[in-house]
Amino acid sequence: MPRIVLRTGQRIIRGPLRITADGIGFPDPRPDDRDEEGILWPRVVGEETGSPLYADVNPLHQRAAMEDPRRLLCQVGMGPATVTPDGVLWLVPRPTGSTTDPVRTGWPAIRTAEPPVCAAHAPVAARWCPRLQRVGYAAVLVRRAPLVAVQGTLYRPTGDGQVDAQPHAVFDLDEDTGRQDADARFLLADHLVRQLEDVTEVDLRDPELYRDAVPCDASR
């Protein structure tokens, strides 16, 4: 079962939050509430047991899978993603429907909040992801995948004692410094976003892709 999603025994804690002119935080701050850039993340409580909730991503597992460019993790097993001389293995929605289809003309840069996969778990991820089942997918090897954004809910004091909450807010990162806009102090993150560049499509039916492949969590 994919570890990137929540289980029925878990829930996400997004508050209460303490909101000041200097940013947001939990009333009882913990060292692991924030990432290295100081962005606040929700908490996940409960045992990783029960049925998978395929529509609900565990934000802390998503962050762990996408955060370290030297060790990108498979969204199914949360072990190392497959890395080949042609890049890291990813599954992406398949573009369709026009003569400028990227499959025909060469893949453009693609932004995604979906972590990569290992070859052994790629068919599992393709089968279990509701979005990929709905729109179709392509398997690609990616030579370059910079971290380009963080997204979540933006909380801002309005000046009259109220708080304005803007869901699905996206803050682009400076690729050279990794710094966010100052307003990111008021962001409760839920996804990291990477941009997939220098992409080569591969066929999941190709046996060469599975040469020496073992599940990324086989040693656990």
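Tutor: Begin with exposure: a residue is buried under 20% relative accessible area, exposed over 50%, and partly exposed in between (1.4 Å probe, protein chains only). Trp128, with a relative accessible area of 28%, is therefore partly exposed. This is a predicted model, in which local features need pLDDT of at least 70 and side-chain atom pairs count only at pLDDT 80 or more, whereas totals for chains, interfaces and linings use all residues. Residues are numbered from 1 along each chain as its sequence is written, and side-chain values use heavy atoms, with hydrogens and water left out.

Student: What share of the 220 residues in the protein is buried?

Tutor: Buried residues account for 44% of them. As for secondary structure, taken as DSSP runs numbered from the N terminus (helices: H or I, at least four residues; strands: E, at least two), the protein has four helices and 13 strands.

Student: How is a pair of aromatic rings described?

Tutor: The distance of the centres and the angle of the planes describe such a pair. Rings of Phe, Tyr and Trp (its six-membered ring) pair if their centres lie within 6.5 Å; planes under 30 degrees apart count as stacked, over 60 as edge-to-face and the rest as tilted. By this rule the count is one aromatic pair. The ring centres of Tyr54 and Trp128 are 6.1 Å apart and the planes lie at 45 degrees, so this pair is tilted. Distant parts of the chain are linked by the pair, since Tyr54 lies in strand E6 (residues 52–57) and Trp128 in helix H3 (residues 122–128), 74 residues apart. Tyr54 is partly exposed, at 35% relative accessibility.

Student: Which charged ends sit over the rings of Phe26 and Trp128?

Tutor: The criterion requires NZ of Lys or CZ of Arg within 6 Å of the ring centre and within 35 degrees of the ring normal. The charged end of Arg127 sits over the ring of Trp128, 5.9 Å from its centre. Over the ring of Phe26 sits the charged end of Arg43, 4.1 Å from the ring centre.

Student: Which residues line the largest cavity?

Tutor: On a 1 Å grid over the protein atoms alone, a cavity is a set of points where a 1.4 Å probe fits but cannot get out, and lining residues have an atom within 4 Å of a point. The lining comprises Gln75, Leu91, Pro93, Glu114, Ala125, Cys129, Arg131 and Leu132. Strand E8 (87–93) and helix H4 (130–135) each supply at least two residues of this lining.

Note on methods. 1 Å grid on protein atoms, 1.4 Å probe; cavity = no way out; pocket = protein on both sides within 12 Å on 5 of 7 lines; lining within 4 Å.
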